[in-house]
Amino acid sequence: MKINPSGQKKESAANIDETPCAELSNDVASIKKDILRHLKCSLARDTTTAQLHDWWVATCLAIQDRSLDRFICTQAEHAKNNTRRVYYLSLEYLMGRLLRNNISNLGLMENATIALSELNLDIHKLLEEEVDMGLGNGGLGRLAACFLDSLATLDYPAIGYGIMYEFGLFRQSFDKQGHQMENADNWLHGGNPWPIRRPENSVKVPLYGVVEMAYNSCGNFSPRWFPAGALVGIPCDIPIVGYGTKTVNFLRLWESRASNDFDFKTFNEGSYIEAVQQKAVSETISKVLYPNDKTAIGKELRLVQQIFFVSCSLQDLIRRYKRSNKGWQDFPEKVAIQLNDTHPAIAIAELMRLFVDVECLSWDEAWNITRQIFGYTNHTLLPEALEKWSVPLFEKVLPRHLQIIYEINRRFMEDVDSHWPGDDSKKRALSIIEEGSVKMVRMAHLAAVASHAINGVAALHTQLLKESLFADFYELWPDRFQNKTNGITPRRWLRGCNFLLSTAIDRKIGPDWTRDLDKLRQLEKWADNPDFQREFMGIKHANKVHLAGLIKSLCDVEVSPDALFDVQIKRLHEYKRQHLNLLHIITLYRRLLNNPSLEVVPRVFVFGAKAAPGYDLARDIIYAINAVANRINNDARIQGKLKIAFLPDYRVTLAEQIIPAADISEQISTAGKEASGTGNMKLALNGSLTIGTLDGANVEIREEVGDDNIFIFGLNVEEVRELWARGYNPYDYYNQDEELKAVVDWLSSGYFTPEEPNAFISIVRSILDYGDPFLVMADYRSYVEAQERVDAAYRDKARWARMAILNTARVGKFSSDRTIHEYAKDIWKLKALPVSV
C-alpha cells in the first residue's frame, strides 16, 4: 500500500488489478437485505409506502448487483487476455422479460423466492410487473436473443450491438369488429432498471453533405466527405447472464442524440421551437422499431437508422481494439463481425470508410481486412424481402458510402468478367447495383461480396440459397456457403416457461439437460410408461388450464382445457398461411352445421400474430379470423366443439404461456418460403406435435422425431416447382373440390360480416384471381386430410402421449447452444474463455 501526503493509505493500481474478482453473497438474508437497501437508497421508499412496481425495481437492482460482479470480472478477463470476440450486429433483439431469466441463470431462483416470501411478496406476481422490452418483432430478433444467451452460457467472448428503441413495433388490440388497432409501445414509460447508460463512450455519426477531392488528414489527395450533419450515439449496456457459468457478456444498444442539443443563440432571439428542432429530429432515429417505409421519409429514416447503429458499433469496436493493440495486422485475429440479415450490411461500406478515410489505410489493405472479418446470415428466401435502397436516396444520405460501394462493385465486376469473360448476363445478375429506371443498391449482394462466410438457417434453406437466390454467387464461391440450422435456448423455452415439465424432467434424468439438450434423449425409455404418460399429459392439462384462464381474461371466451389446443403463433404473412388454417376452421364449422351428430375432437384454435401496419392483406386476414371467431364462439348449434381465440399483442411473454399448453403446432408455410422457423422448435420441445409442410426446419424436425410423430402434408419444394412450371391455376382446385368451393364462397358471401359484405374480398381474390402465390388452394385438401389424422391420433390417449414425449425427447439438436458452437468453430474461429470469480 502507498501512503499519500495526507497520511491516508492508498492502494496502487497494480494491487487493485491483482485483486481477485469476488461475488456478493447469494444467501437468502443477503438478497433480502439488498432488496431493502435498494428500496430505500435507490427508490426512496420504505416498506409501507412501496408499491409492487417499486418492489420489482428493487428486486431487479439487487439481482443486477450480482450480475454486475460477474460482468466486471468477465470484461477484465477478456481484456487481460486480449481475446478474440464476435460482434453480433442485429437491428432487433426480442428479449422479453429479464428478471426471471437472470435469477434463474444466476442460480438464485430458490433463494430469491424465499427472500421475497419473507418480505410478504409473491415472486410470480412480482415477475408480472415487468414489461417486455420493445427491441424486436419477429423470429430474427428472438433468434438474436437466444444467441446472446448461448454465447454467455458457453463462455464465448461476445458483444451484441443494436438500437435502444424508445418505442417497440406497436401494441396490438382489436376493435369491436376484430380489426387490428396499433398503439404506441412505450415500454420505457415506467423506467427500466436493466440498461446501463454510458455517455462517456458516445460517438458521432456523420450524414448527408457532399464529397470533394481534397487533402485528407494523412496528407493524401483523395475523396473527402464534408457532412452536412451528425448524430451522437450514446451506448446503453444490458448485461447478458450465462447459465451455470460465471460469464456475463453484454448487449450494447445505441440511443440517438443531436450533436448540438440546444441552439442558445436562436433561443435568445425568441425562436424557441427552432432552438430544439435539431434535437427533436435527431432523437427520432432511435424512437421506433421499423418505421413504416411506404413513404420516402420512412425509407430515409430506415436507412439513417441502419447507418447510425452500424457506425456507432464499428467505431466502438475499433476503439476497443486500439486499447490493446497497435497497427492493423492483428485486427482480423481479434475481430469477427456477424451480420444478422441484410439490415446491418451497410457496415461493410462504413468499415471501409473508417479504414480508408479516417485511419488512412490503402484500399487493398482495408479490403483485405474487411473480407476476413464479416460473416453474413441470410434469413429469407423471398426476393422482395432482400433489402434494396435507391441510388438517389443513398447519394443524398450517404454520398461517400455510395462511392465506396461503386468501387467495391467495379472491382467485383472485374473478378466476374475474369471468371465469365464477356458474360453480361452474369454481371447483371451479380452486380451490387441493380440497373433500371431507378438504380438500386442490393444490400444482400454487398453482404455476399464482402463476407468470407454466407450461411442459411436450415438445411433446406441453405440448399435453396445455393440453387436459386444466390445460385450465381454459389457458382463463383462455393466454399463460402454453410448451413447453420437455427436453435432456441432451453433456459427460457423449457426451464423458464414450463416449470412443471422441467421439474418432471429433472426428476427423471437430472438437470444437466439445461446445458446439454441432447440429454433429453434419455426420456425415450419412459415414452411407453403409463405412469410417465399420465404425468406428462397431466402437466400439459395444467398448462392448458392456465392458458384457458388467460384466454378468458384477454378474449372473454370460455374454452375447455379438455379440448385439443391447436396453436399458430407467428408473424402474420401470406406465406405463413394463417388463411389456410382459417379455411380449415370454416370447413369443420360447416361440417358440424350440416351434420350435428358428427364426432370430432373438440378444438380450441389459438392465434397470436401482428400484421405490419402497411400490410393491408395481412390486416384483413386478422379481421377475418376474428369475425369467424365471433360467429363460431357464439353459435350454440355446435355445442362448443370449436372455439377460436386470437390473443392480442403477441410477444415473448405471451408465447411463454401459450407454448407449454399447445397440443398441435401449426407450421404450414408454403414449401420453399420459410427460411427456418424457431416457433416450431419451441413448441416441439414442450411436447406439441407439428402439423406442417416440408419447409424450413420442419424437414429436420421430422428427421429427429420420426415420421410417426409428426403430421406432414402438402407439396414439397420439387412439387411446387413442377406445379408452377406446368402452369398453376387456383381455379382448377376451386372448381374440382366441392367442399373447398363452398368454404371459399361462404367466406366471401358476407355471412361472417353482414354489416360489411365485401370485407374479405381481398383474401378471396388473393387465392383465386391474383394467382394464389402461396398455393393455399393447392394444399387445402392435403391439409384437411392431415387434420383428420390429427383428430384420429388424439383420440388414442396413450399413442398421443407417447408421440408428445418423443417430441420433447428428440429435439435436442435444436438448442441454440449447438448452433453457436457451430458458428464459433466454422465461421468465427472463436474459443471459449471461462471466467473465474
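**Entry 1: charges over rings.** I began with Lys610, whose charged end sits over the ring of Phe170, at 5.1 Å from the ring's centre. I keep in mind throughout that this is a predicted model. I then looked up a second case, in which the charged end of Arg371 sits over the ring of Trp477, 5.7 Å from its centre.

**Entry 2: a cluster of rings.** Trp477 came up again when I turned to the aromatic residues, for ring pairs link Trp477 into a cluster with Tyr376, Phe412, Phe470, Phe473, Tyr474 and Phe481. My search of the whole structure found 32 aromatic pairs. I noted that a pair of aromatic rings is described by the distance of the centres and the angle of the planes.

**Entry 3: one pair in detail.** How are the rings of Tyr589 and Trp746 arranged? I found their centres 5.4 Å apart and their planes at 15 degrees; planes under 30 degrees apart count as stacked, so this pair is stacked. The two residues belong to distant parts of the chain, since Tyr589 lies in helix 24 and Trp746 in helix 31 (residues 738-748), 157 residues apart.

Entry 4: Next I followed the strands, and I found an open sheet of 6 strands in the order 22-21-20-23-24-25, with parallel pairing. Its edge strands are strand 22 (642-646) and strand 25 (711-712), each of which pairs on one side only. Helix 24 (residues 578-594), the helix that holds Tyr589, packs on this sheet and touches strand 20, strand 21, strand 22 and strand 23 (664-667). I noted that the direction of helix 24 makes about 155 degrees with that of strand 21. Looking at one pairing, I saw that strand 20 (residues 564-569) and strand 21 (residues 603-608) run parallel and share 6 bridges, and that Val567 has Val606 in strand 21 as its bridge partner.

**Entry 5: cysteines.** How many disulfides does a search of the whole structure find? The search gave 0 disulfides. For Cys60, the nearest cysteine sulfur is that of Cys236, 17 Å away, and a disulfide needs the two sulfur atoms within 2.5 Å. Cys60 counts as buried, at 1% relative accessibility. Cys555 is likewise in no disulfide, with the sulfur of Cys497 as the nearest at 20 Å, and at 22% relative accessibility Cys555 counts as partly exposed.

Key. Residues numbered from 1 in each chain as written. Predicted model: local features only at pLDDT ≥ 70, side-chain atom pairs only at ≥ 80, totals over all residues. Heavy atoms only, no water. Pairing = 2+ DSSP bridges. Helix = DSSP H or I, 4+ residues; strand = E, 2+ residues; numbered from the N terminus. Contact = heavy atoms within 4.5 Å. Axes fitted to C-alpha atoms, helices over the stretch in contact; angles between N-to-C directions. Phe/Tyr/Trp six-rings, centres within 6.5 Å; stacked < 30°, edge-to-face > 60°. Lys NZ or Arg CZ within 6 Å of the ring centre and 35° of its normal. Buried < 20%, exposed > 50% of the residue type's maximum accessible area, 1.4 Å probe, protein only.
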